[in-house]
Amino acid sequence: MTMSERAGHSAERSSTSDLNVALRECMAALDLFLNNKFSDALASLQAKTKDSMYHALTYATILEMQAMMTFDPQDILNAGNTMKEAQATCQRFRKKSTVADSINNLVHRQSLEHFTEEEIHAEICYAECLLQRAALTFLQDENMVSFIKGGIKVRNSYQTYRELDSLIQSPHYVKGENHLHFEGGVKLGVGAFNLTLSMFPARILRLLEFVGFSGNKEHGLLQLQEGASSYSFRSVLCTMLLLCYHTFMTFVLGTGKGNVEEAEKLLKPYLARYPKGAIFLFFAGRIETLKGNIDAAVHRYEECCEAQQYWKQFHHMCYWELMWCFTYKRQWKMAFFYADLLSKENTWSKATYIYMKAAYLSMFGPDDCSPFGDSEVELFRIVPSLKLKIAGKSLPTEKFAIRKARRYLSSNPIPLPVPPLEMMYIWNGYAVIGKCPNLTEGMLETLNEAEEALARSSATELLADDRCVIKLLKGLCFKHLGKISEAEDHFNYIYLNEKKIKYDHYLIPNALLELAILYLDQDRREEAIKLLEKAKQNYKNYSMETRTHFRIQAALHQAKSAPENGMHCGASAVS
């Protein structure tokens with residue numbers, strides 16, 4: 001062996017040793033983070049963020065998890081900038097290539113089998129930085145315009161994951177000392193891309209497929225399940241993504257058929273290891289909510305707030321969930337209390353929070369006094385002035401709240417009939433109370449009272465809109481109570497009165513969507529698909545359009561898929 005060969009082997013051993021140390025230190029930092037020691041976790045990483053790709057990635061990932069949990073605009077900005085810096089650090093460890101190499105790679109594709117272990121890890125870390133930056137874009141812009149505009153960066157990440165996945169399958173690939181951590185990174189990326197892309201509405205998917213993207217939900221779930229059940233640096237990230245999918249994405253952007261049992265299995269070992277871990281207590285609360293155990297959910301969210309005081313913004317996530325828990329229970333004063341706290345402490349969307357305060361005040365009885373002397377009309381009137389833009393985009397929920405509040409700008413406003421119950425639909429809350437007949441019957445009682453009040457009042461130009469809002473929400477209650485014929489009649493009423501609706505045009509495609517989901521539950525697939533195609537093709541430029549299209553896509557996927565084959569994931573990896 002020549003001196004240069006010996007030097008090369010020595011350098012490779014040194015880089016492997018550095019990789020071992022970095023991964024060990026970063027996993028220790030993640031452990032601190034999951035134990036609510038947020039500042040200690042960041043402090044343990046910061047000194048090496050310019051010199052170690054894993055320290056840089058982990059530091060940025062923790063900030064991104066904060067941003068994902070809080071939706072705070074400043075957190076989102078900080079996470080994006082830090083992830084960009086982490087990407088630059090990862091770039092320094094990637095395989096250096098000359099101009100001749102670059103041309104050769106374009107013709108023959110670069111052979112990853114000739115990379116050192118450190119260079120392969122640099123590729124996975126670099127791709128992960130791009131993936132996480134794309135996730136932040138999605139957080140800011142639900143209609144995905146920015147995501148598509150940044151398509152080259154996202155495509156680079158997507159292609160890298162595909163090539164690294166092929167490398168693992170190659171018979172020539174030699175597993176390095178840290179192969180499990182590398183493989184976990186591949187499963188995280190391949191799983192995240194497949195799962196996310198499979199959820200996109202068809203019109204966006206067509207654009208993405210045109211530039212080489214494709215997604216398969218089942219493959220994505222399987223990759224993430226395998227990543228979660230192995231012991232690696234990325235296990236917890238795979239687990240968190242699956243928890244987000246099962247407890248949030250399938251409800252907010254889907255038909256409300258998340259696999260809560262799988263979420264419980266994934267969470268159980270982490271709750272055992274981190275019994276006071278705020279993140280896991282929060283997911284425990286969310287799971288109880290989705291099971292319809294609202295009192296147990298309230299207890300978990302309160303426990304989550306008590307578990308740590310350093311990361312105050314995380315309390316706001318709990319306040320948001322508590323607001324909805326008390327909405328489901330029709331405890332308007334408690335719901336108002338949490339909306340008020342959010343309006344004073346959180347910066348995500350003041351317009352939405354003030355709208356919800358006014359909405360809850362509108363539900364107070366004649367003998368109930370406003371806790372702070374607030375006037376619902378005055379609160380509704382200031383909502384449009386609180387419009388906020390994140391990365392140049394207005395939040396869809398905020399735009400919805402502003403449109404609804406505009407009717408209060410007149411000197412003699414026509415009140416909204418059930419504003420908190422309408423917003424509850426936007427967040428798919430009826431899929432939650434549907435688990436509890438007593439909560440659903442209570443909500444139906446409130447809707448009947450609102451309908452009777454509307455019938456007694458003078459006719460206005462908004463009468464058809466207000467009637468149809470109540471019909472949609474009553475239809476959902478009837479569906480969950482098993483009164484299928486009544487539900488069908490209520491959804492059809494909206495479609496038949498389409499021409500009378502003046503402003504709330506979102507009601508028609510959503511009524512068709514809900515009727516289609518009702519038919520799917522009865523195995524009337526062909527009828528359901530026709531309704532879904534009609535909702536997708538015939539309506540545009542209405543409130544919450546992108547979210548409705550996500551739900552239509554989820555329903556179409558359900559309609560066109562074979563029945564679930566009972567695939568289950570293994571236990572999460574927690575040592």
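Let's start inside helix H18, where the buried residues are Ala351, Thr352, Tyr353, Ile354, Tyr355, Met356, Lys357, Ala358, Ala359, Tyr360 and Leu361. That makes 11 of its 12 residues, so H18 counts as mostly covered because buried means under 20% relative accessible area. Keep in mind that this is a predicted model. Zooming out, the protein has 28 helices and 2 strands, and 57% of its 575 residues count as buried.

**More on helix H18**

- H18 runs over residues 350-361 and reaches 17 Å from its first C-alpha to its last, close to the 16 Å expected at 1.5 Å a residue.
- What do the buried residues of H18 pack against? The partners are H16, helix H17 (332-345), helix H19 (376-382), helix H20 (396-405) and H21.

**Helix H15**

- H15 has 14 residues (294-307), which at 1.5 Å a residue should span 20 Å. Its end C-alpha atoms are 20 Å apart, so the model agrees with that expectation.
- Tucked away in H15 are Ile294, Ala297, Val298, Tyr301, Glu303, Cys304 and Cys305, which are buried.
- The cover over those buried residues includes helix H14 (278-290), helix H16 (312-328), helix H22 (430-433) and helix H23 (437-456).

**Ser157**

- You'll find Ser157 in helix H8, which covers residues 151-169.
- Is Ser157 buried or exposed? Ser157 counts as buried, because its relative accessibility is 0% and the cut-off for buried is under 20%.
- Leaving aside residues up to four places away in sequence, Ser157 touches Ala127, Leu130, Leu131 and Phe193.
- Ser157 and Gly189 sit 32 residues apart in sequence, yet their C-alpha atoms are 8.5 Å apart in space.
- Across the protein, residues 24 or more positions apart account for 70% of the contacts with a separation of 6 or more.

**Two residues with a positive phi**

- Asn36 is not a glycine, but it has a positive phi of about 70°. Asn36 is in the loop between helix H1 (3-34) and helix H2 (38-46).
- Asn36 has a relative accessible area of 13%, so it is buried.
- Arg330, another residue other than glycine, has a positive phi near 60°. Arg330 belongs to the loop between H16 and H17.
- Is Arg330 buried, exposed or partly exposed? Its relative accessibility is 29%, so Arg330 counts as partly exposed.

**Cavities**

- How many cavities of 30 Å³ or more does the structure hold? There are 2.
- The second largest cavity has a volume of about 40 Å³.
- Its lining is made of Tyr425, Ile426, Tyr506, Asn510, Ser543, Met544, Arg547, Thr548 and Arg551.
- Helix H21 (419-426) and helix H28 (545-560) each supply at least two residues of this lining. H28 gives the most, with 3 residues.
- Sorted by type, the lining residues of the second largest cavity are 4 nonpolar, 3 polar and 2 charged.

- The accessible surface of the protein comes to about 24800 Å². Carbon and sulfur atoms make up 52% of that surface.

Technical notes. Residues numbered from 1 in each chain as written. Predicted model: local features only at pLDDT ≥ 70, side-chain atom pairs only at ≥ 80, totals over all residues. Heavy atoms only, no water. Helix = DSSP H or I, 4+ residues; strand = E, 2+ residues; numbered from the N terminus. Expected span 1.5 Å × (residues − 1). Buried < 20%, exposed > 50% of the residue type's maximum accessible area, 1.4 Å probe, protein only. Contact = heavy atoms within 4.5 Å. 1 Å grid on protein atoms, 1.4 Å probe; cavity = no way out; pocket = protein on both sides within 12 Å on 5 of 7 lines; lining within 4 Å. Points joined across faces, edges and corners; volume = space filled by probe spheres on them. Nonpolar A, V, L, I, M, F, W, Y, C, P; charged D, E, K, R; others polar. Areas by Shrake-Rupley, 256 points an atom, 1.4 Å probe, with all protein chains shown as cover.
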